[in-house]
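Here are my notes on the model you sent over. Have the structure open beside them as you read.

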Amino acid sequence: MNLKRLLGLFVLPLLLLSLHAQAQDKIVSGKVTDAKSGAPLDGVSVIVKGGTTGTQTAADGTFTLKVSAGVTKLIISSVSHSTREVSIGSGGVQVALEPTDPTLSEVIVVGYGVQRKRDVTGAIAKVKGDQISATPVPSFEAALQGKAPGVQIIQGNGLAGSGSVVRIRGIGSISASGDPLYVVDGIPVISDPFIRSNGGAMNQNPLSSINPNDIESIEILKDAGATGIYGSRGANGVIIITTKRGKSGKPSFTYSNKLGMATYAKKPDFVNGPEWLQLRQEAWVNSGHTGQATLPGTLTWAQASQNNTDWWDLLTGTGFINDHTLSMTQGTKKLKTFANLTYSDDKGYIKSNAYTRLAARLNMDYNITDKLKVSLTSAYNRGVNKRVPAAWDGGIGDAMSSALPIFPVYNADGSYYSGLTNPVIKTNENKRREIDSRILGGLGLEYQPIKNLFLRANGAIEYTNSFADEFQTATWNKLYSNKTTGTASRNPYWGSNITANFTANYLWNPGKDHKFNFLAGTEMQDYQRKGYTASIVKDMNQPFWQDPSAYRQLRDSLKSAPVPGISEVSQEEFTFGSVFGRINYTYKDRYSLQMIARVDGSSKFGANYKHGFFPAISGAWTISDEEFMKGIKEINFLKLRASYGVVGNANIPSGVYYDNYRVGSNNYNGNPTLYLNAPGNPDLKWETMRNVDIALEFALLGNRLTGEVAYYHKATTDILLQPGVQPSTGYPTIWRNLSNSKILNEGLEFSANYKIIDNKQVRWSIGGNIAKNRNEVLEYELGPDAVSGGTNDTRIVKGLPIGVNYLVRYYGVDAADGLPIWLDKNGKQTKTFSLDNRVYAGSVMPDYIGGFNTAVSYKNFDFSALFSFVIGGNIYENSAKYQFLGVSKKFWNFRKDFLDRWTRPGDDAKYPKLVADAADYPGVPSEDQFNSTMFLRSASYMRLREMTIAYRFTKSTLGKLPLKDLRLFVTGTNLLTFSKFPGGDPEITRDFENAQDRNLSPNITYLTAPTQKTVVFGLTVSF
């Protein structure tokens, strides 16, 4: 038998068998829609009943599937809709799925994985990406305000690109950072706001360069049952950011645009020029002087009377918001791709201040085989912050302080008036620009060697590069130095954050009632940041950002010809090495148990405490699935969950555990000397937080009412502190763990949403959340003066909250002579001011925080509104004491709310008489020492945070236009503010000196620029 005949005998039966099999196959097509809205559903699973063959619906809800001839039924399922079993008929399959309660089916991102919300045993709040990108805010985290219970967001001030203070269930740290850990697509990113300290009266916000339009969802992990997987960095909560990825279907493009205007939300009001002069004269006479009052500098009354400058008006205007985003998604069985390109330009209401963001993203998922998958995550974000001076640094800060309305802007010849404060000069002639670039790149591999075992390896790098530029023009130098040219300076830093992790995930279902999910993993992180010991400076007539080659030449010359005092140094280095594990067990889909353990090793801690162990256990009981609940139709879902765990806080500067030496100012025998600047501490370790959480999740009345009630108890011990030490030691401070220390955060959270109307044409829902947190320092062995915050205005005191105000109590005004009346330590009235009478008079901690919202849709119209609120707590106006004493020798602007002052005997006034010198009040040493409850205010406020009106054109209304969807909308932010705070905007985020300042004094204001109010018009179109 020859070879050809042998092959024929072997191949022919296989060919006939194949033809027979193809003849038995059939093609099934169909479309899946939402039963209530009729909208197509994409990403819905379509699987042959009893088999594994399946597909997913495309963006328009359609699917096509080749099945065997004997197949008669399909299983249609989605995480957001009910599962249906449908029969295959002769025509196409048309399926309308009922939306389910999101509490049951929503997928939640947890550390190193995902879970159904039904099975989650920890406290996790989810905010969807469209709730983030729709709101024009300085940085994405500000858009979380009012949307998650127990999460306090103090939005950034009016400076473009400013950051927010984020606190999850209170604050348990003093000198270590209280900020949460941010994880972007599995990468713990760098979010330190003190990389550049508070230069220019603003803390750099590294998160502002992250593109909100990239975000698919944000999960906020709040308790140890959720954050325990992050071990030594989970004490302050974890914010997981998941970016968008490709979806099944043909290439689909979406373009969105927002154009709008910005102004200030609420500002303080000041008197004008003639009024200021009148008040100055009044204070002069009240202090016993005669004749006309003296004025600042050499200014005469005749000159001053000619001026009535509105500095606020000169430095502010209407800002302009311009945001463009183009994205593409496509997906096949093998490859799914998401690409995004964003350009946004936010010109704030402060003139010359703007933040421009350029962002690009490419995420790809490729199935090499059925068992091997590779994922690419990549992004480039570039933020350009056109800085302006603010607060104590001048500019808009001067407009609220020492730039008086009696000062002119220009001389008669048109040149700048420079004899006294003129913020226009600094704004126009001292230019600043901060350029931050962030590259995120990650590659992941997933391999399934056997059924239910998934091996994942991920590696990523975050590279940051930043330039802080300043340019003083020749005009500036001519006014303030002998130079005839301009001066450019640049302070750069650059760093890499490398992470890698490997996890093994095994699913084991030994019976229909038992489900196990085992996770084991290891992770490594290595961060390095470098910079220079001083700025690189050159006399030239344009800034470095306009002539980058000049900077490069000067930088490179430092290698061959070093300049004393300028050298490349390592600014920060640390490593983490970890192993972790998690076991999830579910019985009858009714009882869930989770156990977590993580061991962290960190280079930040001393030789005796390099490693720490962090365990957590949590469980949940779906009560509504019990037999005794079956007859209660009003209760659709009821779940009780609880957790206990130990997590840590490692957020301190690196290298503080070892001896620190510094070059001395005196040489010995011609050689430089070294001296011990701060002693090391080999016992330095992480803070420890023990967390208990108990919650009840519910869905009632046919899933129309959903919500959650939660109680938590967090106790932080081993507090990391950097207190002062005895001057005799010769050292200013030392980092240590306070052995006898405990800080409590205990609270209640409640959130609910109710669907008032829910049908195909009309939907109306209301919802909200409120949280109460009790903060108390339970154990503290140091005295109240060991650490302080703000400008020495807040303290740590046993038995009181963190950050209590330490002030002299103001009682009122003596109607007879107009002098202030104070209270001594015993509560007795006195007319002699003394700092010895300071007591703990207020707290920066609010009593309640929350938000409430409503959303209405009628056919294609949508309306939504969100209010956020704060109840309780205090704001201390550190600048108000100078503004009240503005007509004294301090010479500041005078606020109109201080006009309620004593002027004649018998007056019932809120404020005492005006004086020409603060020392004219008995006992007051100076304007700087006039700290009292006279300027302690209520921090309560309510704000219309967001409001949106939109109309959607569907495919049927668009007719023959090649568009799938078109949505037009108008959105306003911070439109209304209800507050009794007299100083302008009650939402305070000023600059901070360090993490301790940020923890103790978030509500200490000093010339803080009010946040923005915006109105934007936009469109979103898909094609």
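1. Ground rules. This is a predicted model, in which local features need pLDDT of at least 70 and side-chain atom pairs count only at pLDDT 80 or more, while totals for chains, interfaces and linings use all residues. Residues are numbered from 1 along each chain as its sequence is written, and side-chain values use heavy atoms, with hydrogens and water left out.

2. Length of helix α11. Helices here are DSSP runs of H or I with at least four residues, strands are runs of E with at least two, and both are numbered from the N terminus. Helix α11 covers residues 548-560, and its 13 residues should span 18 Å at 1.5 Å a residue. The expected span is 1.5 Å times one less than the number of residues. The end C-alpha atoms of α11 are 19 Å apart, which agrees.

3. Faces of α11. Which residues of α11 are buried? They are Ala550, Tyr551 and Leu558. Seen down the helix axis, the buried residues of α11 fall within an arc of 100°, so they line one face; the arc is taken from the directions from the axis to the C-beta atoms. On the other side, Gln553, Lys559 and Ser560 are exposed. Buried means under 20% relative accessible area, exposed over 50%, and partly exposed in between, using a 1.4 Å probe and protein chains only. As background, an α-helix has 3.6 residues a turn, so residues three or four places apart point the same way.

4. What α11 packs against. The buried residues of α11 pack against β23 (453-472), β24 (487-511), β25 (514-532) and β26 (536-539). Contact here means heavy atoms within 4.5 Å.

5. The β40-β41-β42 sheet. These three strands form an open sheet in that order, with antiparallel pairing. β40 and β42 stand at the edges with a single partner strand each, so one side of each is left without a neighbour in the sheet. Two strands pair if DSSP finds at least two bridges between them. β40 (residues 809-813) and β41 are joined over four bridges, and two bridges join β41 to β42 (residues 829-830).

6. Val813 has Pro820 of β41 as its bridge partner. On the β42 side, Leu823 stands opposite Gln829 and Trp822 opposite Thr830. The hairpin of β40 and β41 has six residues between the strands, and Gly818 takes a positive phi near 80° there. The hairpin of β41 and β42 has five residues between its strands, with Gly827 in the turn at a positive phi of about 85°.

7. Side chains of β41. Which way do they point? In this strand (residues 820-823), Pro820 and Trp822 point one way and Ile821 and Leu823 the other, and all are buried.

8. Two backbone angles to look at. Most residues other than glycine have a negative phi. Arg169 has a positive phi of about 55° although it is not a glycine. Arg169 is in the loop between β12 (165-168) and β13 (181-184), and it is buried, with a relative accessible area of 1%. Asp185 also has a positive phi, of about 50°. Asp185 lies in the loop between β13 and β14 (187-188) and is partly exposed, at 25% relative accessibility.

9. Aromatic pairs. The whole structure holds 41 aromatic pairs. Rings of Phe, Tyr and Trp (its six-membered ring) pair if their centres lie within 6.5 Å, and planes under 30 degrees apart count as stacked, over 60 as edge-to-face and the rest as tilted. Tyr112 and Phe580 have ring centres 4.3 Å apart and planes at 25°, so the pair is stacked. This pair links distant parts of the chain, 468 residues apart: Tyr112 is in the loop between β8 (107-110) and β9 (113-116), and Phe580 in strand β27 (residues 568-587). Both Tyr112 and Phe580 are buried. The rings of Phe898 and Phe935 have centres 6.2 Å apart and planes at 90°, so that pair is edge-to-face.

10. An aromatic cluster. Ten residues make it up: Tyr810, Trp822, Phe833, Phe884, Phe894, Phe898, Tyr911, Tyr921, Phe930 and Phe935. Among them, Phe898 is buried at 0% relative accessibility, and Phe935 is buried at 0% too.
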